[in-house]
Amino acid sequence: MPHATHIRNPLQAIAWWQHDFRRMFSARVRDTQLGFRNTWYLGALTLGTFTIQVSTGLLLMLYYHPSIPQGYADMKDLEFVVSSGVMLRSLHRWSAHAMVFLVFMHMAKVFYRRAYQPPRELNWVVGVSLLLATLLLSYTGYLLPWDQLSFWGTTVGASIISSMPFVGARLRFYLLGGHTVNANALLRFYVLHTMIFPLVVIMLIAVHLWRLHKDGGMYEPDEQGKPILPDHIPAEDDLFRGVENEKTLSYRELLFREIIGIEALAVVLFSMALIWKAPLDELANPLHTPNPAKAPWYFTGLQEVLHYFPPFVAGIILPVLIVSGLFIIPFVPFFDDVSTADLCRWVRSKSGRSITIATVMVVLSALLVRIHAWDALLPLWIVVILLCMAGRTADQQRGFRNWVRSRSLSFWIMTLFLMEAVILTSVGTFFRGPSWSWVWPWRG
Amino acid sequence: MSLGNQFGRVWRFFVGTAPRRFASVSVLLAIVSAIAPTKDFFSEWRHYQKEYLHLIRTRPDAGRLQRRFESGVHQIWIPEQRVVDRCTTCHVALQEASLSDVRKEPFRQHPSMPHSLTEFGCVVCHHGQGAATTVQEAHYSTKAWEQPILPARYLESSCGQCHMDALEGTPQLNLGRRLLARYGCAHCHAITQPDGTLVAPVDEPPSLEHIAEKTTREWIFAWTKNPQAYAASATMPNYRFSDPEAADIASFLVAQSTPSENSAKELPKSVASLPGSDTVQEGTSLYGTLFCASCHAIQNAAGNLVGGEMAPELTRAGNKVNPDWLRRWLRAPQGYDPKTRMPRYRFDEKQTALLSSFLLSKKDDDLLANVHLPASDAESIARGKKLVNDYGCVACHRINGINPPESFAPDLSRIGSKPLFQVGFLRGMPETLPDYIAGKIHDPRAFGPALKMPNFSLTDGQVEALTTALLAQTDRAVTMPPELVRSSPHPKYHPGGDAGRLMEDLRCQSCHAINGNGGDMAPDLTFEGSAVNRAWLLDFMKNPNTLRPALIRRMPKFNLSDAEIKGLSDYMLSAYQASGFDSQALDLTALNSDAATRGKQLFYSKYACQSCHIADYKKDKGYVGPVLAGVGDRLTPVWMYRWLKNPNALLPGTPMPNFSLSDDEARDLTAFLATLKEHKKGGLK
Amino acid sequence: MKRRRVACLTFLLIVPLGCTKRSNVNPPLSSKVYGAQIVLVSGDKQAAGVGSKLTDPVVVQVNGADGSALAGALVSFHGEGLVLTPAEALSDVSGQVSVSVQLGGIPGGYELVADAPKAGGGSTTINVCEIALGYQEKVGKEVSYKYCTTCHDPESTPERVSNLDNLAPPLPHQFTDGNTLNSMSDADLIKIIADGGPALGKSPQTPAYRSTLTQAQIKAVVAYIRAIADPPYQPPATKH
C-alpha cells in the first residue's frame, strides 16, 4: 500500500495504523525465540515498569507542588487523604527501584548473550544511554519528597559532581540552581524528572525499538556463535500475508508472552506496594545531617568505593571509566575473541601460569588490602580461582571446566565488574552504619 | 488419581497455554489492583466515624447530630499560617455542645478554651502531626514526625508562644516564668522572648568585689558547700563542690576583694557604747518597729519564715557578717554596693548600734563549728580562680579580675523545639522532650559528670512550672510575627531632678511601682499626686502609718528633713497626676451635708461597703480594702469621685469592684467619705 | 521420613515457647496480712490542673479489727484516667500507704479507689475524690482568688487575711459548700455575681461585678465553683 495517499475509510486507517505498529516488531519470530529463557523478557519488563512509572507519575503530579515545604506537605496529603494515595506513591517508588534493577539485568543479559555484536552496536549504545537516563530519572525523582533522605542523598551526589576538575563547581551550580540544595534545586529536579528525562527516555525507547526491528528482531546465534541476520528486511507486502513457514510464527506470539511477563511483574509490584509503604523521613533539615547519609541504593556501591578512594577518583574517574567501558563494548571485538584457553596459551608452562596468576592475585589483593577494601577481595578471588581452574584444565575436557575455558576475556571483565558491583552495593546498603562503620544488619 | 496428578491438571488448566496464562495473570492483576481502593473503606478514621454515629444514635438529639455530621476527611485549613489539622476527622464532636457529658475519647466535646477551634487549629496548642489521619502518626513520635502530642500538664506552654503577659488561665506558665526570673536562670542562659527581648532576671546576686570586708573565708566555704544550710530560702544553687574546691574558691574570693567606699568612712559606734540598756530587747523591738520584715525574712522558733522575700534571709546573719561591716552597711548601703535595693534609712547612731547587735545575735553555732580551713596560699588562690572561671560564677556575681562570660550556658530560646537527636537521655527515662527538660532541671549532673549546671533543689511543682515555661520557647515563638505577639510594653521610668535623686537614695521603686516600673509590695504611686491631699502627704512622709494594719509590711520611717519631705511631696503632687483631674471634674459645692447623709445611707445599706472597708472603728470590721476612717484627710474629693465611678481606670487590676454608680450616687458617697476625718494636731502645712 | 517430620514439628512447637520476650514487670505483691478497715488519712479533695500531679500524696491507713494500724497489708489503688504511683503497695509500720496521683486529661472529678483485702474474704474499699481543673476552671480560680476568697474563704494566707469573720450575717458560703451552691442554678450564680446579692434577694455584702468582670470571667468562676463543690455537683439532665 503506497504512502501518503488519501485514506478513503476508517478501516483503511486502522489497517495503516496496524501496519505502522507492526513495524516496531519483526514480522517473523522463530519458535526458539519465544521461550522465557532467551531474554527473560527483561526488555519488555523494563518497558513495563517505565509505563507504570509514567502512569503513576502523572497521577502523582496532580497532587504535588514542587515547593518548600509544600512538597513535603503533599506527601502527607497523599498518605492520609488521597484515596489509595499510599498505594500510588509506594507503587511509584518500588517500580522505580525495579526499573533500575531490571535495566541492569537487561544489560547483563544482553551482554552475556552477545547481542551487541554487529549489526546491533548502535542499539547497544542506545541501551547504555537508556541505562544512564534511568539512573538520572531516579536521582532527580529522589529529591522530590523533600525529606531528610532525599535532601542529604542529593547533597552527597551534588558534592561528588563538584569534585570534577575545573568544571565541577560550576556544573554543580547549574544542576542545583544555587550553592545548596534549596527551592531552586527542587524546581530544577522536578522539571528534569517530569519533563526532560521522560521525553529523552521516550525518544530513546523509540529508537531502541526501531533498531531492534531493523536489526532483524531478537538476537539468535548460529553454531559459531555469530548472529543470524535476516536475509532481507521484509517487504511491506509480506506484512499482510499470513505466516509462511510452520516454524516461524507471527510477532503476536512473542508480544503475548511479553505482556504476560509484564502483568506478572505488575502483580508483584502492586503486591509490594500494598505490603510495604514507601518510606518517608522527617522534613528535610539542612542543619541536621543524618549519620550515615546514604545515597540511593544504586549509588551505595559508589559510596562504598568513595570510602576507600578520594572523591575525584571514586566519583568521577571510576564512573567515567565504567560508562566508557560499557559504551565501547561492541567496538572492541578483541576482548570477545580472546578466550581463557587462548590466555593460557600465552604462558606455556603450567608452573609459569601458576606464577603469573599468583603474582596477579597477590598484587591486586595487596592493593585492596592496603586500602582496607576487604569486601572487594571476594569477587576478585572467585574470578582468579576460576581462571586457575581453567588454566589447569587440558583442552577438550567436557563439562563445567571446558565451559570455563571457553569464556572470553570480556566475559571475565564483565563478570568481575558485576560481582564487585553487587557486593559493594550490598555492603553499602546493609553493612554500613554511623560514620560509615561496619555494622552487622541483624544486630543494628 | 494421585494428588500429584490432580494438582498437575489444575495447574495446566490455569497456565497450560499462553492464552490461559494471560487470562490467569490478568485476573490476578485485577484482584491486586482492587485491593488498594478497598483498603480505603477500612481506614482507621472511618471506623471512628462509624463508632460516633453508633454513639449518637441513642441520644435525645440524635437527629440533629446526624444531620450535622458529614462523613469523610475533615480538616481545619488556615493557609496563611500553614495549618492543616485533620484531628476533627476522628475527633468529630469537638464543637458539639450537647456532647459535653461524653467522656469516651475521641468523641468528647472540647473543654472550654480561650480560642475557637477554627482560629488557630489544634496543633499549635496540642502539638502532634496535624496532617495525619491515623492514630499512630497523629499522636506519637514516628520516623516521619518527631513531635508527639503535648501532655496535658504542659498545655499552658503553648499559650506562652504568643502571650508574654501573665494570663489568668495560665497559672503554671506564670509561675514558671516568675521562677525563671527569680532563680537567676537568665544570668547564664539567654532566653529570647517572642517580642525579641531577653528574659531579665529579677534576683540580684550580690557583688563579690569587696567580699573580704563583709564576711570570712569560713563562711564563704560553708555557703559554697551548701547555701540552703545558711538560708533555707536562698535561691543560690548547690554546685556540689568538694571540700578542697570550696576552700580554694573561698581563698580566691577573699584574695580578689578590694576595699569598698564604705571602708574608708568612719565606723559607727557599736552597742558597747550604750551601757545600761537592755540591748537585746531594744534591738528586737526596733527590728519590729522598723518593719525590716517587709523585705527580709527570719525563721521563727517554729521554723516558719516570717517576712518578705525581696531581700536576703537574716536567720543566721550573725554567722556571716563582720560587725564593723554591718554597722557601716546600715548607715550607708550604697557605699558598699551602689546597686543594692536597700534604701538609706538615715538611722541615728543608737538605732544602728541596736539593730546591728540584734542581727549579730542571729547565729547558729553549728553552722561554722566544724569548718577549719588551711591557710590560703598562692596555689589555692590560683585553683580557686580557675574554678570560678570554669563554673561561671561571674555570670551572676561581679568579681574583680574576671569578665562576665558570653553565652556561658546554652541558649534556651528554642528549647521547646529541640530535635531529639541533640538530646542525650538517661537510661530508663521516657524519651520525650518534656521529660528531658524536667529531668535536667531536677538533677542536671545526672546527665553527665562534666556538666556544670548546679542543683536548684526545686519541688516537683516548681519543676513542672519551669518545664512549662521552657516548653513555650519554640521555633514558632521566636519567629512569631510582631503583630501576633501579645505583650504589654514596660517602659523604664526613672524620676529626675533633686526629687529623683532622693527617690533613688530611698529606693522608693523597690516597693512602689510608678508608671509600670518598680515593686508591687506597696501602693502604686503613678497617680498619687491626683489622689492625696498635700497636708496628709506631708504628715505621712514624716510619720508613715499604715492603711492596712494586718499586713506585716510597712513603709519605713526615713527620718527625712522637713525640706526633703516638702520637696518630695511637691514633686509627687505635681508630677504624678492623672488626666482629667482638674477643678471642673467635680462640683465641690455639691458636697454638702445632705449629700453626706445620703452617702452614708448608700455606704451602709445599699452597697454594704463596711463589709470590706472600716469607716468607723467602733462599728465596722470589714477588712479587705484600706481603712477609710481618715480618708477625708487623705484623698481628694475628685479622686474619690473618680475612683468610685471606675476604680479599674485609675488602678488596673484592683480588687475593688465597679459598682456602676450613677453620678449622683458617686457624689453622695464622696460627700460622705469627705466627712471622715481624723482630727490631728500639728503637722506640716 | 516420619522421624524427620516429627522432629520438625517438635522444633516448630518448642522454638516459639523459647522465644517469648521476658517481661520487665515486677512480680505482683502479695501479703498474708488482712485488715478490717481502710481509712483516709490525707490528700482528699485536692484540685490541680488537668494532667498534673496532685501537690500532696493521698495517704490511706489500714486498720485491724481492733482499730489499730496494721503493717504489711496489701493496698491496691485504681482510678479511671488516673496515673498512680505506685499502683499497689504494702502498708508501712504505721499502717499507712502513700500514693502519688497524676490526674487525667478531662476536666472534672476523678475517683480514686483504694482497697485492701479483708480477713474472711472480700475487701474493704475507700473512695477518694480529686478534681482536675481545665482552662475555664483555672481562670475561675484565679479570678475568685483575686476578688472572692477574701470574704468567702475562712482561711487566711500570708498574702491576705480572711475577711469572713468581719462580716455580718448572713455569712458568705464557701465555694466548696456543695450543699448550698449545688441547688442554685448556673443562671442564679451568674446573676448573683453580676448583679450582687440584692439581685437574688440576698445580702448586699456581695457586690455587683458586672462592670468589673467580663462575661467569660463570671462564667469561669461559676465553672470553678461547680468543679470544687463538695458534695460534687451534678448538672441537670439536658432536655430537648
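Being four residues apart in helix α20 of chain B, residues 378-390, D390(B) and K386(B) are separated by about one helical turn. The side chains of D390(B) and K386(B) meet in a salt bridge, with 3.0 Å from N to O. D390(B) counts as partly exposed, at 29% relative accessibility, whereas K386(B) counts as exposed, at 52%. Please keep in mind throughout that this is a predicted model.

Let me turn to how the chains meet. Two pairs of chains touch, and the pair with the most contacts is B and C. Chain A and chain C, by contrast, do not touch, and their nearest C-alpha atoms are 16 Å apart.

How many residues does each chain bring to the contact between B and C? Chain C gives 35 residues and chain B gives 37 residues. The size of an interface is often given as the accessible area lost when the parts come together. Here, chain C and chain B bury about 3,000 Å² between them, and 55% of that area is on carbon and sulfur atoms. Within chain C, the residues that lose the most area to chain B are I106(C), Y135(C) and N166(C), which together account for 18% of what that side buries.

Next, the polar side of this interface. Nine residue pairs, both members at pLDDT 80 or more, are in polar contact across the interface of chain C and chain B. The count of salt bridges between chain C and chain B is one. Which side chains form it? K138(C) and E156(B) meet in that salt bridge, at 2.5 Å from N to O.

The largest share, eight residues, comes from α2(C). Sorted by class, this side of chain C has 15 nonpolar, 14 polar and six charged residues.

Over all chains, the count comes to 41 salt bridges. One of them joins the side chains of K45(C) and D44(C), at 3.1 Å from N to O. K45(C) is partly exposed, at 41% relative accessibility, and D44(C) is partly exposed too, with a relative accessible area of 28%.

Another salt bridge in chain C is formed by D195(C) and R210(C), whose closest N and O atoms are 2.9 Å apart. What does this pair tie together? D195(C) lies in helix α5 (residues 186-195) of chain C, and R210(C) lies in the loop between α5 and α6 (215-228) of chain C, so the pair ties together parts that are 15 residues apart in sequence. D195(C) is partly exposed, with a relative accessible area of 31%. R210(C) also counts as partly exposed, at 47% relative accessibility. In chain B, salt bridges that share partners join R344(B), R346(B), D505(B) and E564(B) into one network.

A charged residue without such a partner deserves a moment. D115(C) lies in strand β8 of chain C. D115(C) is buried yet has no salt bridge. How far away is the nearest side chain of opposite charge? That side chain belongs to K118(C), and it is 11 Å away. Not counting residues up to four places away in sequence, D115(C) touches I38(C), L74(C), V75(C), S76(C), H78(C), S123(C), T124(C) and T125(C).

Finally, chain A. Its secondary structure comes to 19 helices and two strands. Of the 444 residues in chain A, buried residues make up 45%. Among contacts in chain A between residues at least 6 apart in sequence, 77% join residues at least 24 apart.

G57(A) has its place in helix α3 (residues 42-61) of chain A. Is G57(A) buried or exposed? G57(A) is buried, because its relative accessible area is 16% and the cut-off for buried is under 20%. Leaving aside residues up to four places away in sequence, G57(A) touches I52(A) and H92(A). G57(A) and S435(A) are 378 residues apart in sequence, and their C-alpha atoms are 35 Å apart in space.

Conventions
Residues numbered from 1 in each chain as written. Chains lettered and ligands numbered in written order. Predicted model: local features only at pLDDT ≥ 70, side-chain atom pairs only at ≥ 80, totals over all residues. Heavy atoms only, no water. Contact = heavy atoms within 4.5 Å. Buried area = accessible area lost by both parts, 1.4 Å probe. Salt bridge = Lys/Arg side-chain N within 4 Å of Asp/Glu carboxyl O. Polar contact = N/O pair within 3.5 Å; in protein donor to acceptor, adjacent residues only side chain to side chain. Nonpolar A, V, L, I, M, F, W, Y, C, P; charged D, E, K, R; others polar. Buried < 20%, exposed > 50% of the residue type's maximum accessible area, 1.4 Å probe, protein only. Lys, Arg positive; Asp, Glu negative; His and termini not counted.
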